[in-house]
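Student: Can we go through this one together? I'd like to start with the aromatic rings.

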Amino acid sequence: MRNLFLFIERYRTFLLFLLLEGFCFFLVINFHSYQRSSFLNSANFVTGNVYKTYDNAISYLYLGRVNDSLRVENARLYSQLPNAHGRIPEPEKEICEFDPPQIYKYISAKVINNSTDKVNNYITLDIGRKDGIEKNMGVIGPKGVVGIVTNVSENFASVMSVLHKDCRISAKIKRSNYSGSVSWNAYSNRQAELIGIPNHVDIVKGDTVLSSGFSSVFPEDVPIGIVDDYSIPNGSNFYDIKINLFTEFSRLHYVYVVNYLFKSEKKKLEALND
């Protein structure tokens with residue numbers, strides 16, 4: 001208390017000045033409409049910016065939770081797409097009273113490791129067996145096909161990227177519906193090859209390449225890429241087709257694992273043919 005009195009005694013002139021300044025400011029603001037209006041506008045501007053900065057800071061801190069909720073919501077929406085359900089034959093559509101059964105579900109995941117500069121590239125996901133992930137499940141990203149799950153632990157999954165020399169994706173040309181297989185040529189992480197298309201098929205640059213849906217890995221019509229160039233080697237009955245991939249593998253952050261709900265039944269049936 002003694003120090004407080006000494007402080008006031010020492011700076012009494014300056015404190016009196018501040019007190020009088022404040023009183024004058026109070027009189028000006030309260031008895032002059034123009035000054036009061038200017039003051040309120042300035043105060044609102046400062047207060048608004050403070051609130052905005054505070055809100056931006058809070059939003060940034062909660063960005064992770066927002067991303068997680070969006071991933072879950074996107075997975076739910078993917079599961080509602082037409083290609084995630086069975087198809088009813090055209091003649092029966094008008095008389096069918098039931099919705100086609102769901103055959104694909106999607107599980108969201110975060111990419112926690114990703115290589116794109118090797119001959120055999122892999123992606124590691126932050127989900128594993130406890131999340132329902134199994135080997136040979138397909139993985140898609142926001143722009144299209146990403147790869148196939150090859151190994152699973154309790155909490156993580158390893159994905160063989162399309163940028164792997166052994167990766168094969170069953171694909172088709174959207175315009176003609178002819179099917180083949182997409183494999184990586186190891187020359188560029190933005191380009192792959194479509195093989196198995198007969199040389200009598202009409203192809204043009206810019207044709208869209210989609211998943212065929214023949215395998216149990218990917219639903220039909222998931223985007224893969226577009227035809228960039230094509231040729232017919234001497235003596236060959238098939239095209240050499242180069243496609244530009246839709247997925248930008250070096251910018252992958254979130255993906256969706258495809259769970260084919262009838263995989264076991266289909267494999268058992270097909271095993272009878274062996």
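Tutor: Rings of Phe, Tyr and Trp (its six-membered ring) pair if their centres lie within 6.5 Å; planes under 30 degrees apart count as stacked, over 60 as edge-to-face and the rest as tilted. This is a predicted model, where local features need pLDDT of at least 70, side-chain atom pairs count only at pLDDT 80 or more, and totals for chains, interfaces and linings use all residues. Residues are numbered from 1 along each chain as its sequence is written, and side-chain values use heavy atoms, with hydrogens and water left out.

Student: OK, how many aromatic pairs by this rule?

Tutor: The count is 6 aromatic pairs. Take Phe7 and Tyr11: the ring centres are 5.0 Å apart and the planes sit at 50 degrees, so that pair is tilted.

Student: Which residues do ring pairs link into a cluster?

Tutor: Tyr78, Tyr106 and Tyr256.

Student: Switching to cysteines: how many disulfides?

Tutor: The search of the whole structure gives 0, with a disulfide taken as a pair of cysteine sulfur atoms within 2.5 Å.

Student: What volume does the largest pocket have?

Tutor: About 270 Å³, the space filled by probe spheres set on grid points joined across faces, edges and corners. On a 1 Å grid over the protein atoms alone, a pocket is an open set of points where a 1.4 Å probe fits, with protein on both sides within 12 Å along at least five of seven lines; lining residues have an atom within 4 Å of a point.

Student: So which residues lie nearest its centre?

Tutor: Pro142, Arg251, Leu252, His253 and Tyr254, out of 13 lining residues. Helix H4 (63-78) and strand S12 (254-260) are the elements giving two or more residues to that lining, and H4 gives the most, with 4. Helices (H or I, at least four residues) and strands (E, at least two) are DSSP runs, numbered from the N terminus.

Student: Last one: where is Ala186?

Tutor: Ala186 is in the loop between strand S7 (179-184) and strand S8 (191-195). Its phi is positive, about 65 degrees, although Ala186 is not a glycine.
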